[in-house]
Amino acid sequence: MASLTIRKLDETVKAYLRLRSAGNGRSVEEEVRVILGELIQGRPELPGGASPPPSTEAPGQTLRSVSPSSERNVTLIIGGGIAAFKSLELIRRLKERHIDVRCVLTKAAQQFVTPLSASALSHERVYTDLFDPGSEFDAGHIRLARECDLIVVAPATADLMAKMAHGHADDLASAILLAANRPILVAPAMNPLMWNNAATRRNVLQLRRDGIHMIGPNVGEMAETGEAGVGRMSEAIEIAAAAADILRPPRPRPLTGKRVLITAGPTHEAIDPVRYIANRSSGKQGFAIAAAAQAAGADVTLVSGPVELRDPAGVTVIRVESARDMLHRVEAALPADVAIFAAAVADWRVANEGEQKLKKTSAGMPPLQLVENPDILATISKLKDKRPPLVIGFAAETEHLIDNAKAKIARKGCDWIVANDVSPALGVMGGDRNTVHLLTRDGDINIDNIKVDSWPVMTKEQVAAELVAKIAKTVEKSS
Ligand SMILES: Cc1cc2nc3c(=O)[nH]c(=O)nc-3n(C[C@H](O)[C@H](O)[C@H](O)COP(=O)(O)O)c2cc1C
């Protein structure tokens, strides 16, 4: 067998070996042994079908397709910021995840990192020039924009983001970004004053509107002595994880084509123009269910009482105040395939709501007379024509949880109840975790035939995901 002399290897390969061996604390020879071992391990088909060795093409050679060793390819655009050195680590992090990387360096980026380092780490030729005859004979910049699954810009300088927002294409990086028909992830990195500048704020907003994914920037110390704030590029490991997330095959969307109606939050029942009766519901569980149903492909309408939560993306959110408002908006949102009533609707409202602010008088406290509110769960469960095929209520109890929840299914006529203990000691109301029991009946309204499934303590997002998975199974079975 011929012996291998490292000295005789191509410069790019040697540079790669030096970097990799230094990073792993091995000698170059040891590193070569490890690489060969990794290559051979678990690949009995190697003799006939080995993958090609890393590229040793010199700059200026023809742009070729990325190596077929991985199914996912990223074009990494490195901008001219001080954080460019972190992008070398990003190449390694992406490759650890079996993502092939092809690098493009802006002119300014080359002041911070060399094309040679990027090439050695990526095992690919690095691109720097829009007017490169070697790659532009077949519109290389278009191919760099399209022959990948994702474009990552890290660091995304203020300048690059401005060019993207305004559609410039006067260098290789901006031309690729303008010609792209692939998702783009940007990792901004700049001085906090640049980040907070009105022009950058406008550009960031525009990029978000254009559907550009963004990670960071993080808060922290700047390279400039004594400066700190928002502007540090996210760590390589975070950017690689975000890229992998975007590249992950789309999750199944079992509720596609289904309409899901959800209520959430408390209701506010006015006493007078400035005072109201309320409860401690935060709306977090209902909002989490709305987000999970939307992620499962459903067309979701969320009718919410007053809460401090942001609208979940892709969900139609209708904000209401009182139980009566909520009922009207729920009725107007029908028909639906599934209705989930997670709101903590006030049972009573004030009968004699004051038109003016009630005043203290010597006659003592004003008498507050309460009347019952409409029962939204029972009203919808008992509809004749527009009853959703699956109606789910929530039972928040502080005692006799299961017995009360069973009685509630029978009394209201819904199909399932999600019962949870909201005793203050458990911190469920307003908290991030929930311990629920799912009560289900199969048509039969007989209390003895209601099934109880007790779930472990979970985050409200996990409860939402479990519930939506169960709904999807049930909807699938019945359609
Ligand atoms: C030492 C130094 C550090 C810089 N760091 C950043 C930075 O972190 N973020 C940024 O947006 N611009 C930074 N700049 C300015 C950019 O290099 C400059 O705007 C350049 O035109 C960006 O080019 P590009 O967007 O094509 O890479 C820095 C400039 C210098 C001289």
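Modeller: In this predicted model, the buried residues of helix α17 are Lys460, Val463, Ala464, Leu467, Val468, Ile471, Ala472 and Val475. Helix α17 runs from residue 460 to residue 478, which gives it 19 residues. From its first C-alpha to its last it reaches 27 Å, close to the 27 Å expected at 1.5 Å a residue.

Of the 479 residues in the protein, 37% are buried. When contacts between residues at least 6 apart in sequence are considered, 70% of them join residues at least 24 apart.

Among the strands, five form an open sheet with parallel pairing, in the order β2-β1-β3-β4-β5. Its edge strands are β2 (99-105) and β5 (213-214), each of which pairs on one side only. Within the sheet, strand β3 (residues 150-156) and strand β4 (residues 184-188) pair in the parallel sense over four bridges.

Most residues other than glycine have a negative phi, and most peptide bonds are trans. A cis peptide bond joins Ala154 and Pro155, with omega about -5°, and Pro155 is found in strand β3. Another cis peptide bond joins Leu334 and Pro335, with omega about 10°; Pro335 has its place in the loop between α14 (323-333) and β13 (338-341).

His98 is not a glycine, yet its phi is positive, about 60°. This residue lies in the loop between α4 (84-96) and β2. His98 counts as exposed because it has 11 C-beta neighbours inside 10 Å, and the limit for that class is 12 or fewer. His400 likewise has a positive phi, near 45°, and lies in the loop between β16 (390-397) and α16 (401-412). With 10 other C-beta atoms within 10 Å, His400 is therefore exposed.

Finally, there is the ligand. Of the 15 residues around it, Gly80, Gly81, Thr106, Ala108 and Thr157 come nearest. By class, this shell has nine nonpolar, five polar and one charged residues. Its largest share, three residues, comes from helix α8 (residues 158-166).

How values were computed
Residues are numbered from 1 along each chain as its sequence is written. This is a predicted model: local features need pLDDT of at least 70, side-chain atom pairs count only at pLDDT 80 or more; totals for chains, interfaces and linings use all residues. A residue is near a molecule or strand if its C-beta atom, placed from the backbone, lies within 6 Å of it. Helices (H or I, at least four residues) and strands (E, at least two) are DSSP runs, numbered from the N terminus. Ala, Val, Leu, Ile, Met, Phe, Trp, Tyr, Cys and Pro count as nonpolar, Asp, Glu, Lys and Arg as charged, and the others, Gly among them, as polar. The expected span of a helix is 1.5 Å times one less than its number of residues. A residue is buried if 20 or more other C-beta atoms lie within 10 Å of its own, exposed if 12 or fewer, and partly exposed in between; C-beta atoms are placed from the backbone. Two residues are in contact if their C-beta atoms, placed from the backbone, lie within 7 Å. Two strands pair if DSSP finds at least two bridges between them.
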